[in-house]
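Thanks for coming. I'll take one chain today and walk through how it is put together.

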Amino acid sequence: SQRRQQPPPPRHQTVTLVIPWLELEEDRLELYGEEYMFQSPQEQETYIREWLRTEADLPEEADPQNGIRIIFYPARYHSGLKSIFAMGDICSLIPDEEADVCILEEPEHLNWFRHPGQSWTKKFNFVIGIVHTNYKDYASA
């Protein structure tokens, strides 16, 4: 009888959720309202992990030791443009050895006022952008 070779165990992939931290309290209040008025990135991370655990039923991903990694980048909210803008180089927050795939949500917002650091496509092997804004409807308002 021939023995079948077992496939190698799956390689652990680090997943990092990179979230804007609105540095000004008035920005957080305007955008999130009083109900979600976090006083620190740690408080917001605790809320996110609890949501993952209870609402999304993802207890493994919610675990701070072995689950998803959450990091924050400094940001400001511009009420006239209804947009969040990074206040620094987001790429520098991700270690090079973890820079494989990057999924950018609303990439145009992350690149309007781009920090002069390394570009997304130079830092990461694969870059995917997801645009949610309906610009035709947005411009007609």
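Does proline 64 count as buried or exposed, and at what relative accessibility? Before I answer, a word on the source. This is a predicted model, in which local features need pLDDT of at least 70 and side-chain atom pairs count only at pLDDT 80 or more, while totals for chains, interfaces and linings use all residues. Residues are numbered from 1 along each chain as its sequence is written, and side-chain values use heavy atoms, with hydrogens and water left out.

Now the answer. Proline 64 counts as exposed because its relative accessibility is 52%, and exposed means over 50% relative accessible area, buried under 20%, and partly exposed in between, with a 1.4 Å probe and protein chains only. Proline 64 sits in the loop between helix H3 (59–62) and E2. Its C-alpha atom is 9.5 Å from that of glutamate 45, and the two residues are 19 apart along the chain.

Next, the whole chain. There are six helices and five strands; these are DSSP runs numbered from the N terminus, helices being H or I with at least four residues and strands E with at least two. Starting at the N terminus, the order of elements is β-α-α-α-β-β-β-α-α-β-α. The chain has 141 residues, of which 27% count as buried. Among contacts with a separation of 6 or more, 57% are between residues 24 or more positions apart, where contact means heavy atoms within 4.5 Å.

On to the sheet. Three strands form an open sheet in the order E1-E2-E3, with mixed pairing. Strands E1 (16–22) and E3 (83–86) are at the edges with a single partner strand each, so one side of each has no neighbour in the sheet. On average, neighbouring strands here are turned by 50° against each other, direction ignored. Axes are lines fitted to C-alpha atoms, for helices over the stretch in contact, and angles run from 0 to 180 degrees between N-to-C directions.

E1 and E2 pair in the parallel sense over seven bridges; two strands pair if DSSP finds at least two bridges between them. Leucine 22 is opposite alanine 75 in E2. The hairpin of E2 and E3 has four residues between the strands, and lysine 82 takes a positive phi near 50° in it.

Helix H1 (residues 25–32) packs on it, touching E1, E2 and E3, with its direction at about 110° to that of E1. Helix H2 (residues 41–54) lies across E1 and E2 and runs at about 120° to E2.

What about strands E4 and E5? E4 (residues 101–105) and E5 (residues 126–130) pair in the parallel sense over five bridges, and glutamate 105 has isoleucine 130 as its bridge partner in E5.

Which element gives the largest share of the lining of the second largest pocket? H2 does, with five residues. Lining residues include Gln44, Tyr47 and Trp51.

Notes
On a 1 Å grid over the protein atoms alone, a cavity is a set of points where a 1.4 Å probe fits but cannot get out, and a pocket is an open set with protein on both sides within 12 Å along at least five of seven lines; lining residues have an atom within 4 Å of a point.
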